[in-house]
Amino acid sequence: MVRVSLLTAIIAISSPLYAQITAPSPTALPSLEQRVADLEAYVNNSARGADAASARVASNVAGPGPAHNGWMMTCAALVLFMTLPGLALFYGGLVRAKNVLSVLAQCLGIAGLVTILWWAAGYSLVFSRGSPFLGGLRFTFFHNVDSNPNGDYSYWVSQNVFAMYQLMFAIITPALIIGAVAERMKFAAVLVFVGIWMFAVYFPIAHMVWGIDGWMNGVWNPAAKITAIDFAGGTVVHMSSGWSALVLCILLGHRLGFRKEVMAPHSMVLCMVGTGLLWVGWYGFNAGSALAPDGIAANAFMTTTLATAVASFTWAMLEYALRGKASVLGFCSGAVGGLVVITPACGYVTATGAVIIGIAAGVVPFFACTKLKSWLGYDDALDTFGIHAIGGTLGAFLTGVFATASVNPNLAPKTFGVATANAATLNGLARIVGHTLWIEQLKAIAVTIMFAVVGSAIIGAIVRGLIGLRIAPEIERQGLDINQHGEEGYITS
């Protein structure tokens, strides 16, 4: 009786705080049992009784949950922190001093442009119901995007908070592309390319993977044709940007002096600082994708840490074994590689799975950046393709190998057509014989690569025909900072 009274008191105290965004007046008052059940639903991050379509009684615990909103606002800030200043400093330190501000300007310009597009139509095209390939226009200009939750994605997070959280993913994705084309692409061309690319590549892929009726949303869409999983953006963010970056850097061609002049990073200090900021911000990226401060978020926090640390150490030790020195650049590249590869898997795999993924993330992108680039001869200035495309593809596949319902109960066996008495304990590796999560991941990988490569090739050709992609040779020699932005990163007397 004391416990019930305490719960009743909590409900009575909390409810007025959200009176401005509560549901319509109930047709009947909820019983004490219903009120307790709703409070339990809040703690367990599940639907209230009033959220059911047949419900005739409104909830006294209506609107968003304060802990959920607080968590998601913090995570949104952390994901923005990944781009500004994390990615900006990471990339900025890796270019030559005469081009450092160009990277910062491109990151800032993309942040502003994508925010406008997201408000106008992007959020709606990704997260409103529509077709399996693209959402509808229900939320254009943030119409009806208010502080009430959107039950398609979360029962307890305000939709405006959810929209802002997902905006930060939309910002960093095209910003990753600039690493491959650094030091030689016009600022105007970057913005035009990104503006078209968001509609042609990012919005469709994001809807197909994360949209409630998306074609490749294997967890939440029972009608999905490809039952793939992507917890925090292996396909949506890293593969789409990484494969697009390869296409764009090939269209642009080599930097002047490529393989003839030294193009070493001008500041490994900035690179290291940027890496640290990325690592910290990535907790919002991965753990935040649980959309609640719950056990799945806790697992994502742990697996992100393990995979990143292991990958950083593995990359540097490979350098030490093969070259006799473990470089700071190696530690930084390995850390980012680990973050990328664990991203789609972090909410689905165990600690052991994360360590194995971390080792793979230290080895495979290392050889992609040090050997594959040399063999094929493309000028991926800051290794966007080697880390994000190769790493994202590796992570998407390994998610299908190591994902387990023991970590994430949302991986219901019926999602993947597994019909066996102990299906709930099977992980992706066990499904290889007779059942096909890893094959579904390969299908999603193929679709993502097709969209990114074909879309970016067409967009790149259009932009090149309209305004040109590349700066003039004399500007490239002098540097983009002074010529494209009228400033210098470092003033010497």
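This is a predicted model: local features need pLDDT of at least 70, side-chain atom pairs count only at pLDDT 80 or more; totals for chains, interfaces and linings use all residues.
A crossing of two helices is called right-handed if the near helix is turned clockwise from the far one by less than a right angle, and left-handed if the turn is anticlockwise.

The chain has 15 helices and zero strands. Of its 493 residues, 55% count as buried. Among contacts in the chain with a separation of 6 or more, 75% are accounted for by residues 24 or more positions apart.

Because its relative accessible area is 0%, below the 20% cut-off, Thr173 counts as buried. Once neighbours within four places in sequence are set aside, the residues in contact with Thr173 are Trp197, Tyr202, Val236, Val237, Ser240 and Ser241.

Two packed helices are described by the angle between their axes and the distance between the axes. For α5 and α6, the axes come within 11 Å and cross at roughly 125°. The crossing of α5 and α6 is right-handed. On the α5 side, the contact is made by Gln166, Phe169, Ala170, Thr173, Pro174 and Ile177, and on the α6 side by Phe193, Val194, Trp197, Met198, Tyr202 and Trp210. By class, these residues divide into ten nonpolar, two polar and no charged.

The loop between α5 and α6 (187–210) contains Glu183. Although Glu183 is not a glycine, its phi is positive, at about 75°. Glu183 counts as buried because its relative accessibility is 3%, and the cut-off for burial is 20%. A positive phi in a residue that is not a glycine is also found at Asp383, where the value is about 60°. Asp383 is placed in the loop between α11 and α12 (384–402).

Ser240, one of the residues in contact with Thr173, also takes part in the contact of α7 with α13. Helix α7 covers residues 234–252 and helix α13 residues 437–466; their axes come within 8 Å and cross at roughly 40°. The two helices are therefore oblique to each other, and their crossing is right-handed. From α7 the contact draws on Thr235, Met239, Ser240, Trp243, Ser244, Val247 and Leu251, and from α13 on Ile445, Thr448, Ile449, Ala452, Val453, Ser456, Ala457, Gly460, Ala461 and Arg464. Ten of the residues in this contact are nonpolar, six are polar and one is charged.

Helix α8 contributes Met268, Cys271, Met272, Thr275, Leu278, Trp279, Trp282 and Asn286 to the contact, and helix α10 contributes Val328, Leu329, Cys332, Ala335, Val336, Leu339, Val340 and Ile342. The contact of α8 with α10 has 14 nonpolar residues, two polar residues and no charged residues.

Two local features remain. The peptide bond from Leu84 to Pro85 is cis, with omega near 10°. Pro85 lies in helix α3, which spans residues 66–94. The other feature concerns Thr352, which is placed in helix α11 (residues 351–376). Is Thr352 buried or exposed? Thr352 is exposed, because its relative accessible area of 56% is over the 50% cut-off. Thr352 and Thr303 are 49 residues apart in sequence, and their C-alpha atoms are 8.8 Å apart in space.

How values were computed:
Residues are numbered from 1 along each chain as its sequence is written. Side-chain values use heavy atoms; hydrogens and water are left out. Buried means under 20% relative accessible area, exposed over 50%, partly exposed in between (1.4 Å probe, protein chains only). Contact means heavy atoms within 4.5 Å. Helices (H or I, at least four residues) and strands (E, at least two) are DSSP runs, numbered from the N terminus. Ala, Val, Leu, Ile, Met, Phe, Trp, Tyr, Cys and Pro count as nonpolar, Asp, Glu, Lys and Arg as charged, and the others, Gly among them, as polar. Axes are lines fitted to C-alpha atoms, for helices over the stretch in contact, and angles run from 0 to 180 degrees between N-to-C directions. Angles under 35 degrees count as roughly parallel, over 145 as roughly antiparallel, 65 to 115 as roughly perpendicular and the rest as oblique.
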